[in-house]
Amino acid sequence: MITAALVKELREKTGAGMMDCKKALTECDGDIAKSIDWLREKGIAKAAKKNDRIAAEGLTRVGVEGNTGVIFEVNSETDFVAKNEQFLELLETVKNALISNKPADLDAALACTVNGETIADLVTTATATIGEKISLRRMAVVEKADDEVFASYMHMGGKISALAVLKGADEKVAKDMAMQIASMNPQYVSRDDMPVEVVEHERKVQTEIVKNDEKLASKPEKVLAGIIEGKVSKNLKDACLVEQEFFLNPDQKVGQYLKEHASTVASFIRYAVGEGIEKREDNFAEEVMSQAFGK
């Protein structure tokens, strides 16, 4: 059954019209991902919004000490709590504990102890005293070699954090790359790091788009293949750090900037608060009517 909620979700992800979304969902048996591709193939939607709806509150943090770097996210229910002194102290405690203990995963992180209490206990205590649900959602510990450097940056007080490992970079280049990653949201360092299935999926979508373009119908197969590959490269370039425009000089690619400074980016992690989390939407008017009239 194609529900109004499904149609609404697809509209938010693609910007397509209601009837087009309903038709896509009907054709794809209610599958959102397939419906997005269907709309793109028909030329109705260009692409799904990368971050969907970022709705959860809280803060991310990044910290570096020696050859160890950490990045993590702690969520709260409201942005107001994210400014609470106890909440900010919890973030600092978590950061220090992660650097000291170097946990392998989230479960291990929650089990880390600080003055006899686990991180999980501290989060539970914060939830009880602050009055909102607090949670350590995700974390990563990154180790670098002696001849590598860390690049870290927090944007908007921690709404976005980035942690990267570079080779051959000085302090300025490192900071520039951390800011690039935070602001431009690449998914991979280069096309070499992009999974084959990601490229093949985009190629399939672009092939269908070209097939449905009457202006290209008479083109030779070899020419069409070139057009398809050109569209694939164009759509995927912003996902690759080195192919992005450098935020301080849009006329230059990040890869060119790095080459000028004899530097390379070995790896990076970027966290934005709440990405991928859906927050319940309450209709205030309906809630008031319900309480007043029992509807």
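**Close-up views of a predicted model**

Figure 1. E245 has K253 of β9 as its bridge partner. The model shown here and in the other views is predicted. Strand β8 covers residues 245-246 and strand β9 covers residues 249-253. The two strands run antiparallel and are joined by two bridges. Between β8 and β9 lie two residues, and the pair forms a hairpin.

**Figure 2. The open sheet β6-β7-β10.** Three strands make up this open sheet, in the order β6-β7-β10, and their pairing is antiparallel. The edge positions are taken by β6 (148-155) and β10 (264-272); each has a single partner strand, so one side of each has no neighbour in the sheet. From one strand to the next, the twist averages 15°. In general, the strands of a sheet pair through backbone hydrogen bonds, in either a parallel or an antiparallel arrangement.

**Figure 3. Pairing of β6 with β7.** Strand β7 spans residues 160-167 and runs antiparallel to β6, with eight bridges joining the two.

**Figure 4. Helix α8 and its span.** Helix α8 runs over residues 196-211, which gives 16 residues. From the first C-alpha of α8 to the last, the helix reaches 22 Å, close to the 22 Å expected at 1.5 Å a residue.

Figure 5. Which residues of α8 are buried? They are V199, E202, V205, Q206 and V210. Viewed down the axis of α8, these buried residues fall within an arc of 140°, so they line one face of the helix. The cover over the buried residues of α8 includes α3 (32-41) and α9 (221-236). On the face of α8 turned away from its buried side are the exposed residues V196, E197 and K211.

Figure 6. The structure holds zero disulfides. A disulfide, in general, is a covalent bond that links the sulfur atoms of two cysteines.

Methods:
Residues are numbered from 1 along each chain as its sequence is written. This is a predicted model: local features need pLDDT of at least 70, side-chain atom pairs count only at pLDDT 80 or more; totals for chains, interfaces and linings use all residues. Side-chain values use heavy atoms; hydrogens and water are left out. Helices (H or I, at least four residues) and strands (E, at least two) are DSSP runs, numbered from the N terminus. The expected span of a helix is 1.5 Å times one less than its number of residues. Buried means under 20% relative accessible area, exposed over 50%, partly exposed in between (1.4 Å probe, protein chains only). The arc is that of the directions from the helix axis to the C-beta atoms. Contact means heavy atoms within 4.5 Å. A disulfide is a pair of cysteine sulfur atoms within 2.5 Å. Two strands pair if DSSP finds at least two bridges between them. Axes are lines fitted to C-alpha atoms, for helices over the stretch in contact, and angles run from 0 to 180 degrees between N-to-C directions.
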